[in-house]
Amino acid sequence: MTRRSAILRLLLGLPAAGSGTNLFSQSRTQVPGAARARSLAPIRFVNVANSAGLDFEVENNPTPLKHLIETMAGGVAAFDYNGDGLTDIFFTNGAALPSLRKESPKYWNRLFRNEGGMRFKDVTEEAGVAGEGYSMGAAAGDYDNDGHVDLFVAGVNRNILYHNLGNGRFEDVTEKAGIKSGKWAVAGGWFDYNNDGLLDLFVVNYAHWSIDNNRFCGDPSRNLRVYCHPMYFEGLTNTLYRNRGDGTFEDVTEKSGIGKYEGRGMGVAFADYDGDGFMDVFVTNDNQANFLFHNRGDGTFEEVALEAGVALMNAGQPVSSMGVDFRDYDNDGLPDIFVTDLNNETFPLFHNLGGGMFEDASFPSRLAVLSASRGGWSAGMVDLNNDGWKDLVSTNSHADDNVEQFSAYHYRQPNSIFANLGDGTFWDVTTEVGKDFQVPRAHRGCAFADFNNDGKIDMVVSSLQDPTELWQNVSPNENHWIILKLIGTKSNRDGIGARVRIGNQYNHMTTAVAYASSSHYGVHFGLGKTAKIEEIEIRWPSGIIQVLRDVAPNQRLEVREPGK
């Protein structure tokens with residue numbers, strides 16, 4: 001038994017090796033939490049992509065030269081672009097190499113309109129969103145408060161800002177709005193950092209890279225070339241744009257303090273982790289310490305990840321941090337952080353202790369042992385069985401498409417679902433979700449929404465050179481639910497940043513979720529057997545506190561912020 005295995009067993013309270021117990025099994029008679037797991041409301045999914053007409057594969061254009069950008073494409077956005085009450089789906093796509101241009105329709109970004117009944121139609125051309133360049137991430141948000149959700153697309157040296165015209169079409173306003181290109185951007189996210197009622201834009205940049213600067217990594221004697229380790233690429237600063245309210249943005253990267261810090265950014269998530277009324281920013285960095293930008297409330301940020309306990313895991317080493325979600329998983333009112341990374345690194349879970357501090361809960365929660373054999377990209381905290389506890393989702397794949405030639409890892413991997421037991425620990429229910437859920441693919445981006453308006457959260461997952469998956473939630477339990485669509489009047493129109501409490505559950509409105517992806521569908525709560533919601537408390541970014549009483553469950557409820 002290796003020292004690492006012995007430590008894992010000790011921390012998990014498992015018997016020593018040789019006792020007949022496999023570290024990576026979870027026999028329900030041998031692992032703590034087994035009794036609670038037996039009582040879990042079931043989680044079931046079925047892949048309906050084919051019948052839904054969601055015919056799409058990410059064309060990342062893999063080449064023998066192993067350009068690093070090839071392995072990092074695949075963002076997804078879920079949002080209602082035409083205001084018909086049905087959530088639509090947008091996919092980013094790659095481009096030809098070395099031109100970095102979409103030289104044929106196979107490289108177009110794609111928009112699929114939700115026709116109802118879990119049926120979708122490709123409306124890319126009529127909407128005008130085929131795009132340009134090698135696209136990576138997508139972020140949905142109504143930046144001009146006109147009631148139509150707009151779209152930002154991050155890419156390799158080419159960012160795009162689409163203004164939703166409200167007639168089924170989008171206008172490319174990138175240059176007019178003052179949004180810059182020229183860096184390799186992986187993701188973006190909308191949030192109102194100064195609480196002025198206007199959504200600002202945070203762009204996550206990865207590293208200095210060019211088509212001509214592509215060193216050989218691998219084993220020349222075997223003619224085996226692999227994607228280079230990130231350490232060979234110098235990181236970049238991220239970019240922050242302040243919304244001026246006139247359709248243009250000011251680059252406040254330096255003024256805000258964000259520009260002091262370079263990293264290889266992969267994901268971004270927002271939450272008010274210390275409850276001071278201002279949204280903070282967590283950025284995952286690839287094989288570098290993560291960033292936590294604390295919002296001072298005066299237009300500036302301080303980077304506090306190390307002292308807050310979220311820069312590194314307890315071992316003190318950086319990991320290949322990728323996707324992220326920033327929510328409260330244990331219903332204590334404090335938003336926690338869930339991150340995905342590569343095989344044998346174990347997915348980080350940072351538990352918010354209050355007072356601006358976090359602890360690495362990866363081992364106590366059992367997430368470390370459950371995730372060790374997986375390579376994760378997107379991360380989500382979503383209540384999939386409506387029992388009142390947020391579950392964890394990861395979309396999985398190794399980064400190297402030829403990893404099987406030089407290691408025991410697999411490139412294509414099934415996705416994972418770790419059910420929340422409600423006691424601070426999680427249970428791997430992946431094999432119970434459904435037979436087709438076990439299909440391994442090169443998964444990347446992921447977006448969550450209730451696509452058929454039945455109160456159960458579905459998800460769409462992109463894959464490189466593999467068919468897209470549309471996972472319809474068919475969980476058989478009768479648990480109740482509610483989805484709040486927030487409409488700000490003094491706050492931003494989307495209500496992004498609003499904090500909602502139902503009983504001892506907390507959630508907040510955000511669209512920055514997963515890896516290079518965006519989920520814009522409202523604020524969801526699973527309610528278990530609750531037949532009537534006694535009180536819903538909404539704390540709007542403007543500072544207004546709104547309370548709704550005696551609310552019926554099992555509905556999509558539109559809530560408008562008080563005031564004109």
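Visitor: Why is L384 called buried?

Guide: Buried means under 20% relative accessible area, exposed over 50%, and partly exposed in between, with a 1.4 Å probe and protein chains only. L384 has a relative accessible area of 1%, so L384 is buried. This is a predicted model, where local features need pLDDT of at least 70, side-chain atom pairs count only at pLDDT 80 or more, and totals for chains, interfaces and linings use all residues. Residues are numbered from 1 along each chain as its sequence is written, and side-chain values use heavy atoms, with hydrogens and water left out.

Visitor: Where is L384 found, and what does L384 touch?

Guide: L384 is found in the loop between β26 and β27. Strands (E, at least two residues) and helices (H or I, at least four) are DSSP runs, numbered from the N terminus. Contact means heavy atoms within 4.5 Å. Leaving out residues up to four places away in sequence, L384 touches I43, F45, D391, V393, I417, I457, N473 and S475.

Visitor: What makes C217 and C228 a disulfide?

Guide: The cut-off is a pair of cysteine sulfur atoms within 2.5 Å. The sulfur atoms of C217 and C228 are 1.9 Å apart, and the two form a disulfide. The structure holds one disulfide. With 100° about the S-S bond, this link of C217 and C228 is right-handed.

Visitor: Which parts does the pair of C217 and C228 tie together?

Guide: C217 lies in the loop between β11 (200-205) and β12 (218-219). C228 lies in the loop between β13 (224-225) and β14 (236-237), so the pair ties together parts eleven residues apart in sequence.

Visitor: How do you know whether C217 and C228 are buried or exposed?

Guide: C217 has a relative accessible area of 8%, so C217 is buried. C228 is at 7% relative accessibility and therefore counts as buried. Another cysteine, C446, is at 0% and also counts as buried.

Visitor: How far apart are L384 and C228?

Guide: In sequence, L384 and C228 are 156 residues apart. In space, they are 37 Å apart, C-alpha to C-alpha.

Visitor: Why is the contact of D401 and K66 called a salt bridge?

Guide: A salt bridge is a side-chain nitrogen of Lys or Arg within 4 Å of a carboxyl oxygen of Asp or Glu. The side chains of D401 and K66 meet at 2.4 Å, N to O, in a salt bridge. This pair links distant parts of the chain, 335 residues apart. D401 is in the loop between β27 (391-396) and β28 (416-420). K66 is in the loop between α3 (49-52) and β2 (76-79).

Visitor: What do D401 and K66 count as, by accessibility?

Guide: D401 is at 28% relative accessibility, so D401 counts as partly exposed. K66 is at 10% relative accessibility, so K66 counts as buried.

Visitor: How many salt bridges does the whole structure hold?

Guide: A search of the whole structure finds 20 salt bridges. Among them, R327 pairs with D325, the closest N and O atoms being 3.1 Å apart. Both R327 and D325 are buried.

Visitor: What makes D428 and R374 a salt bridge, and which parts does the pair tie together?

Guide: The closest N and O atoms of D428 and R374 are 2.3 Å apart, and the two form a salt bridge. D428 lies in strand β29 (residues 426-428) and R374 in the loop between α8 (367-371) and β26 (376-382), so the pair ties together parts 54 residues apart in sequence. D428 has a relative accessible area of 12%, so D428 is buried. R374 is buried, with 16%. Elsewhere, salt bridges that share partners join R501, E535, E537, R539 and R549 into one network.

Visitor: Why are β22 and β25 called edge strands?

Guide: Two strands pair if DSSP finds at least two bridges between them. An open sheet of four strands has the order β22-β23-β24-β25, with antiparallel pairing. β22 (324-327) and β25 (357-360) each pair on one side only, and they are the edge strands.

Visitor: How do you know that β24 and β25 pair?

Guide: Strand β24 (residues 349-354) and β25 pair in the antiparallel sense over four bridges. The bridge partner of G354 in β25 is M357.

Visitor: What makes up the largest nonpolar core?

Guide: A nonpolar core is a set of buried Ala, Val, Leu, Ile, Met, Phe, Trp, Tyr and Cys residues joined through side-chain atoms within 4.5 Å. The largest has 90 residues, and those with the most contacts inside it are M72, W184, F202, I417 and L470. Strand β30 (residues 443-449) gives the most to this core, with four residues.
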